[in-house]
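Please keep the sequence and the structure in view while reading.

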Amino acid sequence: MKGLGDLERSIMDILWAQSTPLTAREVGRLIADRDLAPTTVMTVLDRLSRKGFLNRTRDGRAWRYEPAESRDAYVTELMLEALDLTGDRSAALTRFAQAVSGSEAEILRRALTELEEQ
């Protein structure tokens, strides 16, 4: 899984925030900070679909798009890829654990405890 470009990330943020699939026109309306041609939105949605980030279904003449995975799943994949870049996963994990807040560390502790109990 690769990182997303700026426009791809903006579009994924919109789709992750929705509870139902959207058409390209609906996505275009929700990108408030950009003045994009409808064809640009359609191209990016098609590209994201081909990359596996989006699922699409036919709705009459239009396509409806929804995320293939949750934002959490995407971020998890990015974190695992970042760990693969280091030569010392233990050192990277240790530094990460030292950098998180107390409440985040507690969440990690609980998750590890639950995994050990399974």
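The structure is a predicted model. Helix H6 spans residues 102-117, and Leu108 is part of this helix. Leu108 has a relative accessible area of 35%, so the residue counts as partly exposed.

Leu108 also belongs to a nonpolar patch on the surface, which it forms with Val75, Met79 and Phe96. Together these residues have about 320 Å² of accessible area.

## Salt bridges between separate elements

How many salt bridges does a search of the whole structure find? The search finds 10. One of the pairs is Arg71 with Asp13, whose side chains meet at 2.7 Å, N to O.

Arg56 is partly exposed, with a relative accessible area of 32%. Asp46 likewise counts as partly exposed, at 25% relative accessibility.

## A further pair and a network

Asp84 and Arg89 form a salt bridge through their side chains, at 2.6 Å from N to O. Are these two residues buried or exposed? Asp84 has a relative accessible area of 55% and is exposed. Arg89, at 37% relative accessibility, counts as partly exposed. The cut-off explains the two labels, because a residue is called exposed over 50% and buried under 20%, with partly exposed in between.

Salt bridges can also be linked to one another. In this model, Glu8, Arg47 and Lys51 are linked in a network of salt bridges.

## The packing of H1 against H3

Two packed helices are described by the angle between their axes and the distance between the axes. For H1 and H3, the axes come within 10 Å and cross at roughly 80°. That angle makes H1 roughly perpendicular to H3, because angles of 65 to 115 degrees count as roughly perpendicular. On the H1 side, the contact is made by Leu7, Glu8, Ile11, Met12 and Leu15. On the H3 side, Thr40, Val44, Leu45, Arg47 and Leu48 take part.

Thr43 is another residue of helix H3. Its relative accessibility is 43%, so Thr43 counts as partly exposed. Thr43 and Ala24 are 19 residues apart in sequence, while their C-alpha atoms are 9.2 Å apart in space.

## Strand E1

Strand E1 consists of residues 22-23 and includes Thr23. Is Thr23 buried or exposed? At 11% relative accessibility, Thr23 counts as buried, because the cut-off for buried is under 20%.

Which residues does Thr23 touch, not counting residues up to four places away in sequence? Thr23 touches Ala62, Trp63 and Arg64.

Note on methods
Residues numbered from 1 in each chain as written. Predicted model: local features only at pLDDT ≥ 70, side-chain atom pairs only at ≥ 80, totals over all residues. Heavy atoms only, no water. Patch = residues over 30% accessible without salt bridge, like charges linked within 9 Å, V, L, I, M, F, W, Y side chains within 5 Å. Areas by Shrake-Rupley, 256 points an atom, 1.4 Å probe, with all protein chains shown as cover. Salt bridge = Lys/Arg side-chain N within 4 Å of Asp/Glu carboxyl O. Helix = DSSP H or I, 4+ residues; strand = E, 2+ residues; numbered from the N terminus. Buried < 20%, exposed > 50% of the residue type's maximum accessible area, 1.4 Å probe, protein only. Axes fitted to C-alpha atoms, helices over the stretch in contact; angles between N-to-C directions. Parallel < 35°, antiparallel > 145°, perpendicular 65-115°, else oblique. Contact = heavy atoms within 4.5 Å.
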